[in-house]
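Hi,

Here is the structure I promised to send over. Have a look at it first, and then read on for my notes.

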Amino acid sequence: MAKVFLKNATKIFGKTVVAVNNLTMQIPENELVCLLGPSGCGKTTTMRIIAGLETPTSGRVYINDQDVTDLPPKKRNISMVFQLPAVYETLTAYENIAFPLRCQNQPREKIKKRVGELVELFEIRKEDLETKAMRLAVSDRQRISLAHAFAIPRNVYLLDEPLSNLDPKSRTDLRIKIKQIQKRIGETLIYVTHDQSEALTLADRIAVMHEGKLLQYDVAENVYSNPTNTFVGWFLGNPGMNFVDCVYIRRDGKRLLDAGSLKYEIGDIKGLDEGRELMLGIRPENIDVSQTKKEGWIPCECTYTEVIGNRLLLHLQVGDIVVKAKVSADLPVSENKRVWMNFPSEYVRLFDRKTKNTIS
Amino acid sequence: MPEIRLKNINKTIEGKEILKNISLRIEDGLFTCILGPPGAGKTTLLKIIAGLESLATGEVYFGEEDITDLSPQMRDISMVFQDFALYPHLLVYENIASPLKAKRMPKKEIRKKVKEVASFLGIDRLLDRIPKQLSGGEMQRVAIARAMIKEPKVYLLDEILVNLDYKIREEMRSELKGIAKKMGRTIIYATPDPLDVLSMADRVVVLHKGIIEQKGSTKEVYTHPKNIVVGGYFGFPEMNLVDCVLKRKNNKLFITTDELTIDISEFKEKLKERKEKEVILGVRPENMNIATEAVQKRGNNLVKGEVVLGEVIGSDTIVHVKIGKDKIKIFVPRIYRVPIGEKIWLHFNTRDIYLFNRQTGECILG
């Protein structure tokens, strides 16, 4: 159990490649925090800095208020799991799991009991225990690396895309396991992933990274519902948030977001000057669509329909503006038909067009 | 453009039967998915169409023409593989141009065609890079561009989205569907992922252990699976399946499990010829709901369970629920963060159920 604090951590590879750019974040104890972002965003480097596998070019790392920046990995009492299962190929599954316990010279009986617990926890098949790790399937080997990582209490558990290489069935199984275990043992877990679904499934708190920078760090619900930046709004969700360029204006005593062919009435927003260039953001699943005319709703044309799994994605066009709305597959909408859409005000988010940051 | 017909195809590789008596008509100009788990024989089937696998028995027709013995180069077909297979040392431009160079087309013409295809796929700005400098999605587009430049009548795509990051995969699905629509060519796409089929395909062929279990329009096969192999596999998330017993009592019809009894007398007529008692109840996750209080009060078709995990997929949530020994999935069309261990009531409509014979797997209702 430990909290982790990164203070102005920067990592520059070579002379010019800034992998992590002045990152400050506090990871509270007993939480599952996901570092989320596309390939190359610096999430793995951040995790490696916490682990001690990389030394930050500048900035400090603290575990439980102790400055560990210059401590080697093995002195930090952490464990790690990687995308590719790291197991001792020539040892049996049992020996692999027991290894960290043996290193502590624990008595044989105690080791046996603990391995038994872990085998049950990760649903490792009993018949696999005496099999050499190299003969097992990838997903079974990953179960063993996880059991190995959780064998003895650590300050922090670091998991780097541990499920990315698995088949969908094992991935779902192990997602359930990891979440259950973290809830049960209540430890600090840092989980790196590029998959927003995985982050929203597992994390108490999500740190969204992009080009080495920390864009948003908040509880999972907030990152999804109140993105601080258009990138975050786009990256989470399938498809991501819609953005419509607009200008804040007043007309006939009303306050409007003027997007040319679309005008959206909005309440008074303090500190927002008339003429300010904005982007209106709304998630596809939050747009209401009707086949019949409704007062105050926006008339538009459905130009394209796409099936996503058991949902329907509509491309709705007004003038030169296109937004995507995700609706039930039962809705009998066809292409090139007039429909009406509504943006419920509780789901509308505003962003500055230049900085791409949210306006509160 | 002609249709493709496969007639009585058998294929054995190293003593293992990969495809068993496959006969199939692939309609011209449509997007057809070959859906099946790993090892079903999907890739082998594509390779046979491409001419990359020889045949001991069976025939392949392109329209009226028997092309069984025609070499791959002579078939008007392009195949794109899962691992892209780009030339790592060549520029993107050269990668795309390679099939035309092999045909010794004049340079000027090649340049024109590469530019056209690249702009069609939105990769014109990448032409001077080498594959290493591209993202997964970009590499995939280059591979598609290289296939397109030959202007084949038929495209064979083998699990081409599997290796991409989640977000890019989602975008590529929508893009690929758009590209297919614009080109109007025949596309045969092999995949283990039902979402690919639901999102892109006009037609689906469900392949399982070398046998075609069912073929037809995507909607038809989804709504009316012939058997439990198709019903259980083709869906996202997969259909919930629970062992049940069919009972007749007082002129009424019930299915019962340890946890609940459901009155399905509405299907009495439909099922009156059926003799089996042991059945499997199938309910798709999108047809299950978390019961509101009002529904709970009515009290029909309700079953209590414990939440195992709320798994977010895109902007939807699959709630995994434990009911007795069974594990059930519910599809919730929004982000729904439900605490682990929470007790919830589940509800479904009998009109949405499927029943399968437990011995034969045949679909008897749905």
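Which residues of H2(B) and H4(B) meet each other? Before I get to that, bear in mind that this is a predicted model. On the H2(B) side they are B:Val92, B:Asn95, B:Ile96, B:Ser98 and B:Pro99, and on the H4(B) side they are B:Val142, B:Ala145 and B:Arg146. Sorted by class, this helix contact has five nonpolar, two polar and one charged residues.

If you want to find the pair on screen, H2 covers residues 92-102 of chain B and H4 covers residues 136-148 of chain B. Two numbers are handy here, since two packed helices are described by the angle between their axes and the distance between the axes. For this pair the angle is about 30° and the axes are 7 Å apart. Angles under 35 degrees count as roughly parallel, so H2(B) is roughly parallel to H4(B). As for handedness, the crossing of H2(B) past H4(B) is right-handed.

Now the two chains, starting with chain A. Chain A has 360 residues, and 42% of them are buried. Its secondary structure comes to eight helices and 20 strands. The C-alpha atoms of chain A fill a box of roughly 80 × 45 × 35 Å along the principal axes. If you take the contacts in chain A with a separation of 6 or more, 65% are between residues 24 or more positions apart.

Chain B has 366 residues, with 40% counted as buried. Here the secondary structure is nine helices and 21 strands, and the C-alpha box, again along the principal axes, is roughly 80 × 45 × 35 Å. For chain B, 64% of the contacts between residues at least 6 apart in sequence join residues at least 24 apart. Its domains are domain 1 (4-225) and domain 2 (240-365), with 38 Å between their centres over C-alpha atoms.

What about the place where the chains touch? The contact takes 30 residues from chain A and 27 residues from chain B. On the chain B side, helix H5 (166-183), helix H6 (194-200) and strand E16 (302-313) each supply at least two residues. E16(B) gives the largest share of that side, with six residues. By class, the chain B side divides into twelve nonpolar, seven polar and eight charged residues.

Is A:Val339 buried or exposed? The cut-off for buried is 20 or more other C-beta atoms within 10 Å; A:Val339 has 22, so A:Val339 is buried. Leaving out residues up to four places away in sequence, A:Val339 touches A:Val289, A:Ser290, A:Gln291, A:Cys300, A:Cys302, A:Leu316 and A:Val333. Take A:Val289 from that list: A:Val289 and A:Val339 are 50 residues apart along the chain, while their C-alpha atoms are separated by 7.0 Å.

Cheers

Conventions:
Residues are numbered from 1 along each chain as its sequence is written. Chains are lettered from A and ligands numbered from 1 in the order in which they are written. This is a predicted model: local features need pLDDT of at least 70, side-chain atom pairs count only at pLDDT 80 or more; totals for chains, interfaces and linings use all residues. Two residues are in contact if their C-beta atoms, placed from the backbone, lie within 7 Å. Helices (H or I, at least four residues) and strands (E, at least two) are DSSP runs, numbered from the N terminus. Ala, Val, Leu, Ile, Met, Phe, Trp, Tyr, Cys and Pro count as nonpolar, Asp, Glu, Lys and Arg as charged, and the others, Gly among them, as polar. Axes are lines fitted to C-alpha atoms, for helices over the stretch in contact, and angles run from 0 to 180 degrees between N-to-C directions. Angles under 35 degrees count as roughly parallel, over 145 as roughly antiparallel, 65 to 115 as roughly perpendicular and the rest as oblique. A crossing is left-handed if the near helix is turned anticlockwise from the far one by less than a right angle, and right-handed if clockwise. A residue is buried if 20 or more other C-beta atoms lie within 10 Å of its own, exposed if 12 or fewer, and partly exposed in between; C-beta atoms are placed from the backbone. Domain bounds come from an automatic or database domain assignment.
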